[in-house]
Amino acid sequence: MSHADDWNPDDGPPPSDDERASARALSEALDHREAPRDPDLAAALSVARRVQATAHPDPEAARKVADRVVSAALAEHARPAWRRALRGRWGLAAVAAAGLLAVGVGAGVSATRPAPRPVDPITATTAGDFTERLGENVGSAPAARIYDDRMRAYRDRLLRGGRR
Amino acid sequence: MTLSPRDGWLFAREVPAYGARPRGIMGAPDAAAAEERALVEAAKGGDREALELLLKRLATPLYSAVILPRVGNPADAEDILRDTLLRAMERLTTFHWTGAGLFPWLRQIAIHLIVDQARSRQRRERLGERYEHHVADVMPLHHAGADEMLMEQQERAVSLRLMEAAMATLNPRYRRAVELRLLEERSREECAEAMGVTTGNFDVILHRALAALRKAYGVR
């Protein structure tokens with residue numbers, strides 16, 4: 001017998017296969033504790049649970065839940081206000097946003113700094129040849145002579161491969 | 001307290017009046033109200049033990065008779081209870097004592113949170129749920145120091161009235177499906193047999209009945 005043949009028109013229009021599948025899933029979910037992922041199914045199940053909770057309360061289970069939640073809430077309330085503010089979905093989002101901001105700023109700062117360039121050994125040993133302090137009693141020497149002396153020392157250093 | 005059609009759940013109207021604790025349990029109502037007021041004042045002053053005593057006394061009726069019958073899903077109801085208690089603790093200094101005690105104040109916070117949750121879920125999932133916040137017509141008369149069992153019965157009577165009103169909007173066969181499966185807690189097969197349909201068709205009828213009930217139920 002097909003589905004359409006055994007459907008009572010008093011119960012509305014004949015269901016589609018999709019509706020039958022959803023109805024079957026809801027019926028099975030009613031016998032289990034886990035909530036279905038489909039939002040419409042979850043909403044229908046929560047209505048069923050409301051009816052059940054209204055008509056068939058479970059005082060012992062309710063007392064256990066309430067005691068547990070009171071203890072947890074008191075413990076949470078004892079924490080500093082800023083830590084309490086970071087609870088729940090928005091708290092996690094705030095922490096994640098702060099983390100991303102810190103990483104982004106750090107990456108930006110390091111990107112603006114020039115990376116250190118490799119220096120060859122000769123350049124490293126001759127780097128101070130033109131900037132080192134003048135020796136004693138050279139105050140009256142012409143600048144051109146000082147420069148020539150330094151240029152000569154620099155050239156000799158290059159020819160020796162950087163050795164002094 | 002489990003209600004069934006045989007117990008007359010559909011017409012459950014006789015609920016003990018609020019305020020009077022049973023004799024021999026907590027003493028006279030005035031003494032109980034004075035005790036609750038003293039606990040509230042102590043808790044406002046930072047007395048953690050008083051706060052814990054108050055919350056433990058009121059959390060069970062709040063969860064089982066106010067939150068769970070309006071939310072359905074136990075995990076969501078637990079979250080609402082936790083948020084209610086945290087908000088109450090944060091704002092306890094703003095609470096002004098009335099003869100109704102602390103419970104109606106907690107109840108109001110809980111219902112605000114339930115409605116907020118329903119609105120946010122509706123925005124997120126485009127559900128066709130109805131939510132209302134006009135609680136005056138379904139607000140029981142509270143008295144400070146009332147026994148928890150009486151509070152629970154009074155609140156449960158409100159929940160039953162809401163459920164009956166929603167059920168009354170269903171067509172008779174849909175209502176019968178809900179009664180058989182959820183109120184009488186029969187198996188799918190028994191329900192299908194009682195309604196003279198196949199189990200597959202019974203599933204569809206119940207599915208449609210719950211969709212219709214969801215629209216009629218709302219959050220109040």
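Against which helices of chains A and B do the buried residues of H1(A) pack? They pack against H2 of chain A, together with H7 and helix H8 (199–217) of chain B. Buried here means that 20 or more other C-beta atoms lie within 10 Å of a residue's own, exposed means 12 or fewer, and partly exposed is in between, with C-beta atoms placed from the backbone.

A word on the ground rules. This is a predicted model, in which local features need pLDDT of at least 70, side-chain atom pairs count only at pLDDT 80 or more, and totals for chains, interfaces and linings use all residues. Residues are numbered from 1 along each chain as its sequence is written, while chains are lettered from A and ligands numbered from 1 in the order in which they are written.

Let us start with chain A. It has 7 helices and 0 strands; helices (H or I, at least four residues) and strands (E, at least two) are DSSP runs, numbered from the N terminus. Of its 164 residues, 15% count as buried. The mean pLDDT (the predictor's confidence in each residue, from 0 to 100) of chain A is 80, and 77% of its residues reach 70 or more. Where pLDDT is low, the predicted coordinates should not be read in detail.

Back to H1(A). Its 14 residues reach 20 Å from first C-alpha to last, close to the 20 Å expected at 1.5 Å a residue; the expected span is 1.5 Å times one less than the number of residues. The buried residues of H1(A) are A:Ser22, A:Ala23, A:Leu26 and A:Ser27. They share one side of H1(A), because they cover an arc of only 135° around the axis, taken from the directions from the helix axis to the C-beta atoms. The face turned away from that buried side carries the exposed residues A:Asp17, A:Asp18, A:Ala21 and A:Glu28.

Now the partner chain. In all, 43 residues of chain A are in contact (C-beta atoms, placed from the backbone, within 7 Å) with 50 residues of chain B. Helices H1 (17–30), H2 (39–55) and H3 (59–77) of chain A each supply at least two residues of the side that touches chain B.

The largest nonpolar core has 38 residues, of which B:Ala59, B:Leu62, B:Tyr63, B:Ile67 and B:Leu81 touch the most other members. Such a core is a set of buried Ala, Val, Leu, Ile, Met, Phe, Trp, Tyr and Cys residues joined through C-beta atoms within 7 Å. H2(B) gives the largest share of this core, 12 residues. Apart from it lies another core, of 32 residues, including B:Val178 and B:Tyr217.

| Residue | C-beta neighbours inside 10 Å | Class |
|---|---|---|
| B:Thr84 | 27 | buried |
| B:Glu185 | 14 | partly exposed |

B:Thr84 sits in helix H3 (residues 74–91) of chain B. Leaving aside neighbours within four places in sequence, B:Thr84 is in contact with B:Leu62, B:Leu106, B:Ile109, B:Ala110 and B:Leu113. Its C-alpha atom is separated by 9.2 Å from that of B:His112, 28 residues apart along the chain. B:Glu185, in the loop between helix H6 (172–183) and helix H7 (188–195) of chain B, has a positive phi of about 55° although it is not a glycine.

Conventions. Two residues are in contact if their C-beta atoms, placed from the backbone, lie within 7 Å.
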